[in-house]
Amino acid sequence: MTNTEKPIIVVKYSGEAMRAPKEGPGPHPIYEKEALDYLVTEIKEAKKFADLAIVVGGGNHGRGAELMKLAGVDRETGDKVGMLYTVVNCRILENRLLEAGVKCELMSAISCPQIGGDYVEKKAIHWLRENKVILLAGGLGHGGCSTDHAAVIRAMELKAKKVIKATKVCYLHESDPRKNPQAKIIESIGTKEYLVYGFKQILDNTSVTQAQECNIVIQIINGFVPGNLTQAVQGQKIGSLIIPSPQI
């Protein structure tokens, strides 16, 4: 397989991926070396099979809604600070990837010239085809949208057909498995069905609606299980698929 034949895939990690998964009230560390070592290993292996663009959230620091409560700031300020958190996370991940010998480029939707380049779609595609991992920071550059939404938009722009959301759940379930151990696993679901079920805690409705419009598949995997990312980029049956519903 030549490099040009490899698919472009957008991978969305939450900021929490930069630390070991924690349950219950904090305080929790913002970063953990072991978690970052794990991320680098997973990305390095998966990039053998796909050209990867990585979107990283900022949840290990905090989210815009949390800042509104904690700091008393307005929504616009909270969202912009949240975007800066994603830049910080991408810069740290970039450093660790480069140390591991993984070629990568940081591109941001908000201009941070001393940290990374501005996001430019054609340049991103060029670097992907140069076998570089692209780290996409800053969301979409404006408030009011999640990094999940940003991942879907970037997938559309980069001509990717799939977004992999690496989270801490293995599957979608018909009900909360923490409350109902017998909750049925959903291995595949259409975007319109997803919106009816309302799994907002996994992926917001705006992101799924956008995936429907752009004909992009979203794959939900447990990002904390070694090898899951590589299996997903290879197209193996793992986790849950959200598939664009047929147009009527």
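In the predicted model, Glu193 is located in helix α6, which spans residues 191–197. The residue is partly exposed, its relative accessible area being 46%. This value falls in the partly exposed class because that class lies between the limits of 20% for buried and 50% for exposed. The side chain of Glu193 reaches the backbone nitrogen of Gly190 at a distance of 3.1 Å. Glu193 and Ser245 are separated by 52 residues in sequence, while their C-alpha atoms are 8.2 Å apart in space.

Asn228 belongs to helix α8, formed by residues 228–233. With a relative accessible area of 9%, Asn228 is buried, since the class covers values under 20%. When neighbours within four places in sequence are left aside, the residues in contact with Asn228 are Glu42, Ile221, Asn222 and Ile238.

Two packed helices are described by the angle between their axes and the distance between the axes. For helix α5 (residues 147–157) and helix α7 (residues 205–214), the axes come within 8 Å and cross at roughly 15°. The two helices are therefore roughly parallel, as angles under 35 degrees are assigned to that class. The crossing of α5 and α7 is left-handed. On the α5 side, the contact involves Asp148, His149, Val152, Ile153 and Met156, which meet Thr206, Ser207, Gln210, Ala211 and Cys214 of α7. Classified by residue type, the contact between α5 and α7 comprises five nonpolar, four polar and one charged residues.

How values were computed. Residues are numbered from 1 along each chain as its sequence is written. This is a predicted model: local features need pLDDT of at least 70, side-chain atom pairs count only at pLDDT 80 or more; totals for chains, interfaces and linings use all residues. Side-chain values use heavy atoms; hydrogens and water are left out. Axes are lines fitted to C-alpha atoms, for helices over the stretch in contact, and angles run from 0 to 180 degrees between N-to-C directions. Helices (H or I, at least four residues) and strands (E, at least two) are DSSP runs, numbered from the N terminus. Angles under 35 degrees count as roughly parallel, over 145 as roughly antiparallel, 65 to 115 as roughly perpendicular and the rest as oblique. A crossing is left-handed if the near helix is turned anticlockwise from the far one by less than a right angle, and right-handed if clockwise. Contact means heavy atoms within 4.5 Å. Ala, Val, Leu, Ile, Met, Phe, Trp, Tyr, Cys and Pro count as nonpolar, Asp, Glu, Lys and Arg as charged, and the others, Gly among them, as polar. Buried means under 20% relative accessible area, exposed over 50%, partly exposed in between (1.4 Å probe, protein chains only). A polar contact is a pair of N or O atoms within 3.5 Å; within protein, one must be able to donate a hydrogen and the other to accept it, and residues adjacent in sequence count only if both atoms are side-chain atoms.
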